[in-house]
Each structure stands twice: as C-alpha cells, then as structure tokens.
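I opened the notebook to record what I looked up in one structure. The entries follow in the order in which I made them.

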Amino acid sequence: MHDTYHKATEHSYWSVRQPSRGLDWSMQPSPFKIYEEYPLIPLDLDNPTHKFIYYLGGIDAKKSYPGVEYYLRTIPSAGALYPTEIYLQIREVEGFEDGIYHFDIAYGGVRLLYALGEDEGVEAYFCDKRKIKGFVSLYSTIYYRSSWKYKNRAYRYCLLDAGHALGALEISAFLYEHAYHIHYDFDIAALNERFGFAQRESFVSSAVVGVPMSQKAAKLGMALPFIDGTRSFEPNPMIEAAIQDTKVVHHCRPNFRYPKMPFVKERLDEVVVQRRSMRDFKGYPIQKAQLAFVLEFMPQPIPSDCDEKIDIWYVINNVKEMLQGLYKDGELIKAGDFRAKTGYLCLEQALGSQSAVTFFLTGKAKGNYRPMMQKAGHLGHRCYIASEYQKIGCSGIGAFYDEEVQEFLGTKDMVLYALAIGV
Ligand SMILES: Cc1cc2nc3c(=O)[nH]c(=O)nc-3n(C[C@H](O)[C@H](O)[C@H](O)COP(=O)(O)O)c2cc1C
C-alpha cells in the first residue's frame, strides 16, 4: 500500500514535461503557525535549555529579494516551504511549567498551549506509558504548505523534511548532553484529534529526550481549537490517503544503539547555524578524507522504535585520489565519469553533475514508509552537518527521475532521496 503512493508520485522524463498551472506566489501558504492567544516565552539563547530548543528548527538567516523576504532555519526544507511543526511536552524541567508547548518559529519562542494536570501526559498515547522527565518532542506536517507547489509528490518532501528535523534534534541533544530515542509507533489519530488538527495537519514522529519515571501518564484532557497554519488550503486526496495509510506502523524492528558523534562541540555549535544548502558548485574536487568523514557519520545507528534499512549509494564525480564511478558500502560497483548522467537523473539540475559526490538513498517497498522516509531525511541531515563541518557544501535533492535512477543503480528498491556535496 505504502509503495503505491511512492510509485504514483514518480517523476519521469514525460511527467515533468506535462503542462502545469503556474504558481501564484501571492497565494503561497504561510510557513508559520501562530497560536496568538497563548502566552509566548521568547527563547533566550544564553540559556542552554532554550538554545537546545532553538536548534530544533529556529530561524538563523534571512534572504531578501525585491518584494519578498525568506527566513531560513537550522533545518533545510524542500522549496523552503517548511511543512513541519514542532510541539514539545516539557515535564520537570527548570524554568518551564509542566505542559504542552508549540515552538513558534516566527516569534522565536515557545507558547504554552496546555498546562499538564497531575497525571496527564502525551506518554499515554505511546506503547510505554511511563511519564518522561524531560522533553517529548512531537513533529507534525501541514502538507498543503508543500502540496501547494509540489502537488502529489509533496508527502515525500513532508516526510524528508520531518526527518531533517529529527536529525537536528540528534545534533542538539548531543550538544546539550541529552539522550534521545525516536518514536514512530504512537496513537497519531488520537493526538491529532486532541490537538485540533482537522485533517490539515498530522503527527509523523516523536522523540523522547528524557528519562522514564515510575508512574504512567493518563490521557490528556486537552482539546485545542483548530488554528490555521496556512491561510489558504486545497485538499489533496492522494496525500490524505497516504497520510491515513501510513499512520500505523507494522512489525517494527527497534534500534537501541547510539551513533558515534565525531564532532568537537565548539565547532559543531557554529555549524548548526551556518548550515545552508549549496545553490551551485564550482566543480572543484574535495579531499578523500572529507568524503570519508561524511561516509563514516551518515550510516551510524539511529535509536528508534521502528528502524528501516536504507542503502547509501554514491557517485564519485570529483574526489582527489579516488576513481570516478558508482559506489556502495565502500565498493566500486561501476567505474566511469557519470557527471552528466547524475545531473540528468536529478531532473537535469546542475547540482547533481557539478557536485564532488552525489548520493542516492534507497529502501525496500515493503518497509514502513513513514519511518523509512524520515530516516532518509535524518541521514540527509547528517550529510549536511558532516559536510558543513568539513567546510564543504551540501544540498538535498528531492526531485529525480525515479525509475531511471533505479536502472542506473541496478536496484528495484525505491529511491527515497538524493543529496549532493562538494565545493
Ligand atoms: C527534502 C529536500 C529536498 C530538496 N530538494 C532540492 C532540489 O531538488 N533542488 C535544490 O536546488 N534544492 C533542494 N533542496 C534544498 C532547499 O531548497 C533548501 O533547503 C531551502 O531552500 C532552504 O535553504 P537552506 O537549506 O539554505 O536553509 C531540498 C531540501 C530538502 C530538505
């Protein structure tokens, strides 16, 4: 069922050449959801707990073009449309009332949406219902922000974007010495209803950043009103069906292993806010050691309750002392200069051909689609962070000719995400 959505949203040489309606930029959905009626706690970046939250997705750059201003964040987003919203349950953390908060990106703060009663908590909607002392972050997607531009293919980008947010959490948790565990298996339908999402927004993942207490949490008495997070809206039946089909996970394999984090914290701290997507590469080579650093960090384990296998393929275009060609797991699969080919495969984007290395992430169709796509986004985030750390550029690439990439790689697995790194 899940692979049906992926299959139905493949790009092909012909599909991208179909006439399409131009975009009316004045109708672009708002990338900010604002709970205006709720009290705002502005984030003070000198406070370590506030900074831990800020790194999850706060604004760190502004770009101005005539008539428009874009605010860029610690997480990248396909088309800078930012469909992901971040909520936090905070319990027994100094400086915060126990409650459910929304990360208000526009105002750079958190808003208390609901103060927790003695026994209540979002933990009640998880398999292990024990209260968590610390944070439970909840990630939702407002799909229309992306489907407004990317139509049916947008749910892919929503999940990849949410995966980047999980990757940002991993980095922030490392910097602020918190352990984390990602959860995909929780009662999404019930929580959507408590949060008043009304079919427009749906939870996709969660992360526990804290320690279990002995007492179990009871279900929330909270019933939030619907708050419009887009201003404009058009339903997309294919995406709504895909969201519905992927709400529940099946036969999950948990992973309890932690990644090795090869970073010096002072430098990583700079990298988080410096991270940007590369717009165009100059086509210079990178060092073998720089690629080795990225390749070492990307496949590190991700602790989660539903781990899906993802294969990392990479095409070496321009790396010193390395033969050009397609590689997987350190092995050369086929030698050759594939620069023009990878550029073509990435929907004729120069990013794919002028990069030093272009990655393709693939996964099995029988997997759990929602966790698998978010894991691909999470690995993508690691690719960005490790590249920036090595002072090389990176860009996610969500647009590629699916079947032709499969043919090039020689796999029937689904192509989930592509990324390019270089200088
Ligand atoms: C899932 C995903 C897919 C993306 N796909 C493309 C792409 O196909 N081409 C491109 O030039 N940039 C792509 N990007 C980069 C975004 O355009 C970029 O993240 C966004 O403009 C925000 O800028 P920043 O990353 O510099 O903060 C992608 C990013 C993500 C997260």
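**Entry: Lys391.** I looked up Lys391 and found that it is exposed, because 11 other C-beta atoms lie within 10 Å. Lys391 sits in the loop between helix H11 (369–389) and strand E14 (393–397). Helices (H or I, at least four residues) and strands (E, at least two) are DSSP runs, numbered from the N terminus. Although Lys391 is not a glycine, its phi is positive, at about 65 degrees.

**Entry: the model.** I noted that this is a predicted model, in which local features need pLDDT of at least 70 and side-chain atom pairs count only at pLDDT 80 or more, while totals for chains, interfaces and linings use all residues. Residues are numbered from 1 along each chain as its sequence is written.

**Entry: Leu347.** I then turned to Leu347, a residue other than glycine with a positive phi, near 55 degrees. Leu347 belongs to the loop between helix H9 (339–345) and helix H10 (350–354). Leu347 counts as partly exposed because it has 17 C-beta neighbours inside 10 Å.

**Entry: H4 and H11.** How do helix H4 and H11 pack? Helix H4 (residues 154–175) packs with H11 at an angle of about 55 degrees, and their axes are 6 Å apart. Axes are lines fitted to C-alpha atoms, for helices over the stretch in contact, and angles run from 0 to 180 degrees between N-to-C directions. H4 and H11 are therefore oblique to each other; angles under 35 degrees count as roughly parallel, over 145 as roughly antiparallel, 65 to 115 as roughly perpendicular and the rest as oblique. Among the residues that meet are Leu159, Gly163 and Ile171 in H4 and Met373, Gly377 and Ile385 in H11. Two residues are in contact if their C-beta atoms, placed from the backbone, lie within 7 Å.

**Entry: the whole chain.** I recorded 12 helices and 15 strands in the protein chain. Its C-alpha trace spans about 65 × 50 × 50 Å along the principal axes. Of the 423 residues, 48% are buried. Among contacts between residues at least 6 apart in sequence, 78% join residues at least 24 apart.

Conventions. A residue is buried if 20 or more other C-beta atoms lie within 10 Å of its own, exposed if 12 or fewer, and partly exposed in between; C-beta atoms are placed from the backbone.
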